Amino acid sequence: MSEQQKYEPKIVAFLCKWCSSAGSDLAGVSRIQYPANATPITVPCSGSVSPMYILSALKKGADGVLVSGCHIGDCHYMEGNFLARRKLHLVKELLQFCGVEENRFRMSWVSAAEGAKFAEVVKEFVEDLRPLGPQEKLKAKRA
Amino acid sequence: MSMEKILDKARLNDWIAAVAKGGWEVHAPALEDGVWLFKPVAESTDLDYPNTKQPPKEFSFPQREIFFAFEQVKGEAPRLTEVKPAAPQCAVFGVRPCDGRGAVRMDRVFSDNVNDPYYETRRKNTAYVGLACNAPP
Amino acid sequence: MINVQDIRDTARDLLAKGEVRAVIGWRAGSRGMAAEPCVITKPEEADSLVWDPTCYHNLALNLVNDRKELRHAKQSPGAPIGIVAKGCDARAIVVLLQENYFKREDVYIIGVSCENSGVLDEKKLATQLKGFAPTAAAFAGDDFSVTTAKGENKIAAREVMADRCLECRTPFPKENNTALGEDKTGRDIEPQFAALQRFEAQDEAARWDFWQRQFDRCIRCFACRSVCPMCFCDECVVDSIEMKIAPETTAEEKANRIRWVERSATRAENATYHMTRALHLAGRCVDCGECERVCPVNIPLRLLNNKMEREAREAFGFEPGASIGGPSLVASFRDDDPGEFIR
């Protein structure tokens, strides 16, 4: 019988290919220690993240969802992150409105050079998610 | 030989409470946000209602159920286990004649000439307590 | 108060002169008191048009259906199509024009004002009438005149008008080719988003408790989607199943692609559906309230859409259905869009 294990939140992280995904790679290459709770999914641009990705992740049982892209003004596609900022504001507001905990959805701007920041973002996210416990509200019950 | 008994309307709740105590899950029409639905009740219910939004089909034929579970064992084919329906005994109060006839129609498809253990287990374990329509809308 | 004869004369005239190929309006329905949408093509049919408090349907839906039929038959519209439109309907038409669903010259808008009384909420009326079936309803000044077996009686509109009318800010069809009735913009019966504010006063746990009950009750009949003029996608994203798409993939195959939402009407799936729909309508929903009216299990859908509308207005200075020009909410941005929530 295994001993009581600490709850480890599962994070799904949509990372834009040009900045944040590269930033996460840099964190790895620099051997920065940070929690391994985030499953990265590379997307071409934070602006390409459809609200359905986030809802789908939550439906599949993600405890937290992170969307990270280039800093404002640095988007590889010029406007993508501006659109993401607007769209995902709406997603955040709607989730909260329905009673999903505010801390379960998060956005960040992480550039390709910010390996340390990426690690910090994930670390903070895990710490903020832990007290909330597993995400049950939007998780599909298969049984 | 069937024994017909007449229950005093005022004692309906006592009967429902007794059925519940006898190990049955009692369901009855309840008004939620302006919509009549079948809800589990512990004791009393008011049967003065038009009809539920949806028929009591869920008790014998739910929209979604699990037939099999499988276990993936490394190097072997997945192991299947059949999942028999839990089907607790359900007593559904307030079933209108139209919905009761609907249940009979369902039987024709799912149990008359076929052996559907999922449907039959649930159907056998569900008792519909009908309610006649004295003043149809 | 609008004289229904004016609506009929306008329609008859347009059809007789060939200025429109058809007129979308309301006629007496076959279900008791309520009117029903209709499409008339001959001048003499204009006499069947009605205008009463049961004209709550958003006729922009029929415009969308007309456009779809033309597209599938690969026909061009030819003459414009006329449409009798309330304030809310006209706003919906503006959104459709903004999205280039059709051209402005393709539609002739016969605006009608619901003046001070808005339209009827049949559920509220049923409660008021305590089970007596109404056989007719008419506008009576600022109120409604409702006929039952017991006779005709006047009911204060305030008590039985649709919730969306209570908060409506644009009861007059601003976009029109001709308009009937008085412009009662500013009638402001309740503050805008009043219902939304009341809901948000609750804490997170109460809000989830509420929505969880709604999502549990939803039977995924898609009446809300079917009645919404803005839900015009030929293939709704929630109807898709998984598939690879290649240049030669047909539209029909594409209609069966990635399954974002399962079919069973369970809580998580229903929640995903409703939230997705609200987000897809952000900046496009004009609060015509039809989705909430047609829901068979009384889910207060306006709350979700109003939440998005208020964010559009307050956070992004965007008003749905206000102007035909300009980009949509989610295809545009401002430099000062809120961003403090981004780490």
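Predicted model: local features only at pLDDT ≥ 70, side-chain atom pairs only at ≥ 80, totals over all residues.
Chain A holds an open sheet of 4 strands. The strand order is β2-β1-β3-β4, and the pairing is parallel. Two strands, β2 (38-43) and β4 of chain A, form the edges of this sheet. Each of these edge strands pairs on one side only. From one strand to the next, the twist averages 20 degrees.

The pairing of β1 with β2 in chain A can be followed in detail. Strand β1(A) covers residues 11-16. It runs parallel to β2(A), and 6 bridges join the two strands. Within this pair, Leu15(A) stands opposite Thr42(A), a residue of β2(A).

Two helices of chain A lie across the strands. Helix α1(A), residues 20-29, lies across β1, β2 and β3 (64-69) of chain A. Its direction is at about 115 degrees to β1(A). Helix α4(A) spans residues 115-129. It lies across β1, β2, β3 and β4 of chain A. The angle between α4(A) and β3(A) is about 160 degrees.

Chain A also meets chain C. Here 31 residues of chain A are in contact with 30 residues of chain C. Helix α3(A) gives the most, with 12 residues. By class, this side of chain A has 15 nonpolar, 12 charged and 4 polar residues.

Chain B contains 3 helices and 6 strands. From the N terminus, its elements follow the order α-β-β-β-β-β-α-α-β. The chain has 137 residues, and its radius of gyration is 18 Å. Along the principal axes, the C-alpha atoms of chain B fill a box of roughly 65 × 35 × 30 Å. Buried residues account for 13% of chain B. Contacts in chain B were also examined by sequence separation. Of those between residues at least 6 apart in sequence, 59% join residues at least 24 apart.

Chain B touches chain C as well. In this interface, 7 residues of chain B are in contact with 9 residues of chain C. The chain B side comprises 3 polar, 3 charged and 1 nonpolar residues.

Chain C is divided into two parts. Domain 1 of chain C covers residues 1-190, and domain 2 of chain C covers residues 191-319. Their C-alpha centres lie 25 Å apart. The contact between them takes 19 residues from domain 1 of chain C and 17 residues from domain 2 of chain C. On the domain 1 side, α2 (60-72), α3 (87-98) and α6 (163-166) of chain C each supply at least two residues. The largest share of that side comes from α3(C), with 6 residues. By class, the side of domain 1 of chain C that touches domain 2 of chain C has 10 nonpolar, 7 charged and 2 polar residues.

Technical notes:
Residues numbered from 1 in each chain as written. Chains lettered and ligands numbered in written order. Nonpolar A, V, L, I, M, F, W, Y, C, P; charged D, E, K, R; others polar. Domains from an automatic or database assignment. Rg over C-alpha atoms; globule rule 2.2 N^0.38 Å. Buried ≥ 20, exposed ≤ 12 C-beta atoms within 10 Å, placed from the backbone. Pairing = 2+ DSSP bridges. Axes fitted to C-alpha atoms, helices over the stretch in contact; angles between N-to-C directions.
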